[in-house]
Amino acid sequence: MNYKIEILLNGEKCRFEVSENETLLDTIRERAGLEGCKRGCDSGECGACTVLLDGEPVNSCSYLAVQADGRSVVTIEGLTKGSELHPVQQAFYDAGAVQCGYCIPGMVLSAKALLDKKPAPSSDEIRKALAGNLCRCTGYTKIEKAVKLAAERMGGGTK
């Protein structure tokens, strides 16, 4: 059975016809053509598919598209304004926290959600917020540094 859904995708109203078992990840990648959120584990464990749903990070691989009907979804593509990076994206770049880039969209979106709620997070709060995002290229030192840099640039600082 197919359902018609409407979501606010990166600030733009989008309508899709989806099957009852179609994931939000599939809708975003295949129907909307946005490939920033990645298919990783397909079980909600790695965080590569993270998007913000009404401001909260969710694993889009384990979230049904029909559950997003009427809600706001932000992908990594939705953070930039033209060619201008969001402060969190810029901080990841400046801190050298980007290696292969596969995990970075999920990391950035999880960091943004944290900083929206807690402008001056502690190291423990940063680690907890990013715990659902796995990076296979590096330790998390530069990633944590990037979140602290973003917090400082956004006026919050860190504890």
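Leu53 has Glu56 of strand E4 as its bridge partner. Strand E3, residues 50–53, pairs with E4 in the antiparallel sense, and 4 bridges join the two. The model described here is predicted.

**Sheet**
- The sheet is open and has 5 strands, in the order E2-E1-E5-E3-E4, with mixed pairing.
- Strand E2 (12–19) and strand E4 (56–59) form the edges, each pairing on one side only.
- From one strand to the next, the twist averages 40°.

**Helices on the sheet**
- Helix H1, residues 24–31, packs on the sheet and touches E2, E3 and strand E5 (72–74).
- The direction of H1 makes about 115° with that of E2.
- Helix H3 also packs on the sheet, where it touches E3, E4 and E5.
- The direction of H3 makes about 35° with that of E3.

**Nonpolar cores**
- The largest nonpolar core contains 25 residues.
- Val88, Phe92, Met107, Val108, Leu130, Ile143 and Val147 have the most contacts inside this core.
- At least two residues of this core come from each of helix H2 (87–94), helix H3 (104–117), helix H4 (123–130) and helix H5 (141–153).
- H3 gives the most to this core, supplying 8 residues.
- Apart from neighbours within four places in sequence, Val108 is in contact with Ile76, Leu79, Val88, Gln89 and Phe92.

Conventions
Residues numbered from 1 in each chain as written. Predicted model: local features only at pLDDT ≥ 70, side-chain atom pairs only at ≥ 80, totals over all residues. Heavy atoms only, no water. Core = buried A, V, L, I, M, F, W, Y, C linked by side-chain atoms within 4.5 Å. Buried < 20%, exposed > 50% of the residue type's maximum accessible area, 1.4 Å probe, protein only. Contact = heavy atoms within 4.5 Å. Pairing = 2+ DSSP bridges. Axes fitted to C-alpha atoms, helices over the stretch in contact; angles between N-to-C directions.
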